[in-house]
Amino acid sequence: MAYWRKKYRYSVRNVAMVLVAAVALGSSTYAWFVTNNKVDATTSTISAQSNAAFMTIANGTSGAKSVDTTSVTTAVETKPLYPATFGEEAGSEKGTFMTGYGTTLENGALEGKLIPIGTPEVAVTKEYALKQDYNISSKGQNLADLKVEKVENAKNATSTSELAKALRVLVTSADGTAWVVYGLDTTGAAYEVKLSSDTSNSPEVVLGTVTAGADTPVHVYLYYEGKDAKVTTKNLQDGILTKTNAVTVYFTATAENK
């Protein structure tokens, strides 16, 4: 399985989503499971906040234009996920979910060809990803260049789970054409851009614009990158993995009404 503030006229910052992800059951230096076992991923809360008074956020794909909230919390279901790749594994198609199989019980290296899954929505349906929707609005200011500024471990996040290294945060525009994927770097200390819809994988991907009095949806997906996790089928069976860290996703946007 796949394991493998400056003034308003300048910028608006720090809409933050806190994604608390993941308990897994179920590791050496490899990735894919031999029998495509599900890994139990448990997310608990997702929240968002902003330090810009005119910027609002809400759960779902609409409603931010009608509220003054700068922080929301979402209870997330416990959901078993099959790890996958979105373009990091050699031979995979960037921007398309794919899965594969490991070599032996103690060797999770990819064996054979990858199997196409499809779009993020299909990956959710087939239990390779977990999805949460949010929407951002503005009071009196149109905002351009809505982007992900950074992803960090949430405060007091202390997990050292190997599974955390495989956790990916995929953030997409409303229509899914613009997107960016973050995951831990090789040290396990900081998040970096792994992939984006930009041809050179630049983090500077524009997810859309925010019109005053209207709602701009963004989609957040959690999944496990098959090539990155130190997980084998045997260690999964031994129940070694523990909770992954919570992460915070920061957004930025630029005010158009200058």
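Trainee: In S8, which residue is the bridge partner of Ala58?
Mentor: This is a predicted model, where local features need pLDDT of at least 70, side-chain atom pairs count only at pLDDT 80 or more, and totals for chains, interfaces and linings use all residues. Residues are numbered from 1 along each chain as its sequence is written, and side-chain values use heavy atoms, with hydrogens and water left out. S3 and strand S8 (residues 130-138) pair in the antiparallel sense over five bridges; two strands pair if DSSP finds at least two bridges between them. Within S8, the partner of Ala58 is Asn135.

Trainee: How is the aromatic pair of Phe86 and Phe97 classed: stacked, edge-to-face or tilted?
Mentor: Rings of Phe, Tyr and Trp (its six-membered ring) pair if their centres lie within 6.5 Å; planes under 30 degrees apart count as stacked, over 60 as edge-to-face and the rest as tilted. The structure holds five aromatic pairs. For Phe86 and Phe97, the centres are 4.6 Å apart and the planes make 45°, so the pair is tilted.

Trainee: Are Phe86 and Phe97 buried or exposed?
Mentor: Buried means under 20% relative accessible area, exposed over 50%, partly exposed in between (1.4 Å probe, protein chains only). Ring pairs link Phe86, Phe97, Trp179 and Tyr223 into a cluster. Phe86 and Phe97 are both buried.

Note on methods
Helix = DSSP H or I, 4+ residues; strand = E, 2+ residues; numbered from the N terminus.
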